[in-house]
Amino acid sequence: MDPSRIIESFPAPSFRGNQEQALRDIRDAFDSGKDVVLVRAPTGSGKSLLARSIAGAARTVEEASPADATDAYYTTPQVSQLDDVAEDDLLSDLKIIRGKSNYNCILRGEETTPVDRAPCVRERGFDCTVRHRCPYFSDRAIASNRQIAAMTLAYFMQTAGSDVFRKRDVVVIDEAHGLAEWAEMYATIDLQPRTVPVWDDIGVPDLSEADDPLERVVRFAETLAGVCSRVKDDLLAKPELTPEEAARRDRLQELKGELQWFIEDYRDPQSPTTWVVDQHDGAGSPISIKPLDPARYLRHTVWDRGNKFALLSATILNKDAFCRSVGLDPKKVALVDVGHTFPVENRPLYDVTQGKMTYEHRDETLPKIAKLVVRLMAKHREEKGLIHCHSYAIQAEIRRRLAELGLGNRIRGHDRENRDAELETWKATDDPEVFLSVKMEEALDLKGDLCRWQVLCKAPYLNTNDSRVARRLEDGQWSWYRRAALSTVMQACGRVVRAPDDYGDTYIADSSLLQLFDKTRHEMPDWFAEQVNRMSKPTLPEFDPVAAGGRGSNASRAQSNWSGDSTTTSQSRTSTQQSSGSSAGSSTSGSSESSRSRKDDDGKKSHPLSDVWGE
């Protein structure tokens with residue numbers, strides 16, 4: 001790497017904000033001998049342009065000896081971030097490669113078949129006469145020879161050990177704050193009917209009855225790996241497979257590899273990985289096997305893939321803690337802080353807390369938040385808004401209450417299956433609709449009038465029923481637990497203000513968020529601490545569904561009849577779940593409730609935004 005080329009590699013005609021100073025600091029950090037530089041850059045810093053500048057300093061083929069690593073990788077965990085790169089003319093020299101399922105076969109009669117289900121993977125000995133024109137293999141060949149290859153973090157990890165995508169000189173990881181959690185989730189082995197093609201052919205044990213649940217699950221994994229191998233071999237013996245059989249074969253091979261990696265790692269006395277296991281419903285129920293420490297996994301899939309690394313994010317809160325979580329030595333890592341250039345008065349926080357949203361207090365607090373939303377809808381009657389509901393159970397209850405008040409014409413929601421389509425439909429409308437979202441704190445660009453206000457309904461703490469979270473809290477890692485929540489809050493706050501001249505209000509409804517701010521004040525970047533310090537209580541209109549955009553007399557009657565008390569919430573929780581076929585934490589939108597109006601379904605376009613952390 002030649003750090004002196006970082007600034008001259010900037011792809012835009014001019015710098016804006018703190019970009020030039022940031023690149024000077026990054027250059028100096030690499031010049032000082034650091035192999036890894038963390039770049040903490042807030043929303044609007046142009047992280048993709050900074051990433052391109054850093055990648056441009058990679059050693060070129062002309063400068064290298066045959067044994068030297070050359071060129072660069074750009075990777076991000078978020079599909080939408082990669083889409084943004086593809087659409088940015090300033091980043092046109094980044095060659096993007098995606099997984100096979102994103103490309104269609106070009107053979108006659110197979111034009112709608114994804115490449116990973118095409119005849120070349122279904123028929124033994126198939127000789128594809130147009131492989132040189134195959135969109136997947138063509139893109140892969142170009143990316144493997146381009147100076148900067150761009151891909152999702154999942155694809156990057158999957159290609160570890162590949163002869164095509166070998167070690168490169170520079171690796172840039174955008175949105176890197178969740179790298180440890182992403183690695184943990186990616187390395188998790190979920191055993192359930194959907195992921196185990198031979199589920200009905202095996203007996204799933206009750207781990208709670210075992211003296212050592214982990215040892216018992218290892219023995220089960222050994223048995224399951226053997227079954228997968230036998231069934232896969234039977235499929236391989238066939239001269240030709242259907243697309244469904246090809247998918248079954250590939251999944252069996254993938255599952256066998258996952259299980260064998262887990263077994264070998266668990267049996268290795270030198271392995272630093274701590275494994276935990278979840279099974280909530282006894283014999284025959286799903287099992288989740290999870291690594292508590294992904295350091296070894298990241299070493300092979302990430303750290304062995306480059307000489308120099310730049311990790312970019314707005315929310316790497318604690319350098320030492322982050323380094324420990326991903327297997328890096330903090331002494332060998334530099335942190336570069338990029339200042340915020342958006343005026344703090346354009347991104348205000350407002351304290352509208354209604355009480356705690358912990359499970360034991362939710363029945364009391366949630367009705368108050370629903371009434372608060374009505375008042376906010378009245379204040380922002382002509383502006384689009386976003387409600388971060390945190391869970392589908394909370395989303396369903398708020399939606400039900402707003403509909404009862406005659407406000408159904410102004411709200412829109414989504415479920416797990418239609419989240420992208422509903423989001424795009426909401427973004428496309430000029431009406432002042434309010435979108436009830438779940439797990440959309442990241443990877444969402446709501447610039448300008450796309451959204452002018454948002455509400456944080458609940459402090460986004462990780463689920464303590466997850467064995468990884470529970471184990472860490474047992475070990476006293478409460479600072480890590482709070483940092484994870486603060487990071488999500490900071491990400492959410494950046495959704496509605498996307499440029500120096502943009503503006504948007506963020507309302508804090510859960511009083512637990514105030515406690516979170518108090519306990520994490522020393523770890524906040526200065527720009528976010530300034531927002532918190534300026535937080536105030538706004539003046540809001542009185543509760544009036546008609547003023548909020550309700551349907552006239554219907555809203556008036558609803559206002560007079562609606563008690564808004566906690567009893568209604570308790571009684572409705574069961575009926576809401578029954579009517580939508582869901583429970584807390586799962587999809588609660590029924591077929592007739594998935595959008596503001598069923599007539600809006602025609603013409604919707606899906607956008608690949610299936611990239612949100614925590615899903």
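Leucine 94's strand, β3, runs parallel to β4, and three bridges link the two. When I say strand, I mean a DSSP run of E with at least two residues, while a helix is a run of H or I with at least four, and both are numbered from the N terminus. Two strands count as paired if DSSP finds at least two bridges between them.

Before I go on, a word on the model. It's a predicted one, so local features need pLDDT of at least 70 and side-chain atom pairs count only at pLDDT 80 or more, whereas totals for chains, interfaces and linings use all residues. Residues are numbered from 1 along each chain as its sequence is written, and side-chain values use heavy atoms, with hydrogens and water left out.

Contact here is heavy atoms within 4.5 Å.

Let's look at β2. How many of its residues are buried? Five of five, across residues 72-76. Buried is under 20% relative accessible area, exposed is over 50%, and partly exposed is in between, with a 1.4 Å probe and protein chains only. In a regular strand, side chains alternate between the two faces of the sheet. For β2, Ala72, Tyr74 and Thr76 are buried on one side, and Tyr73 and Thr75 are buried on the other.

And what are the partners of β2? It pairs with β4 (residues 148-152) over five parallel bridges, and with β5 (residues 168-173) over four, also parallel. Threonine 75 shows up on both sides: its bridge partner in β4 is methionine 151, and in β5 it stands opposite isoleucine 173.

Most residues other than glycine have a negative phi. Aspartate 71, though, has a positive phi of about 65°. You'll find it in the loop between α2 (47-55) and β2, and it's buried, at 10% relative accessible area. Histidine 390 has a positive phi too, about 75°. That one lies in the loop between β12 (385-388) and α13 (392-404), and histidine 390 is buried at 13%.

There's another open sheet, with six strands in the order β11-β16-β15-β12-β14-β13, again with parallel pairing. Its edge strands are β11 (349-351) and β13 (411-412), each pairing on one side only. Two bridges tie β13 to β14 (residues 434-437), and arginine 412 has phenylalanine 435 as its bridge partner in β14.

Last stop: asparagine 346, in the loop between β10 (333-337) and β11. Buried or exposed? Asparagine 346 is buried, with a relative accessible area of 19%. Setting aside neighbours within four places in sequence, asparagine 346 is in contact with Val497, Pro500, Asp501, Asp502, Tyr503 and Gly504.
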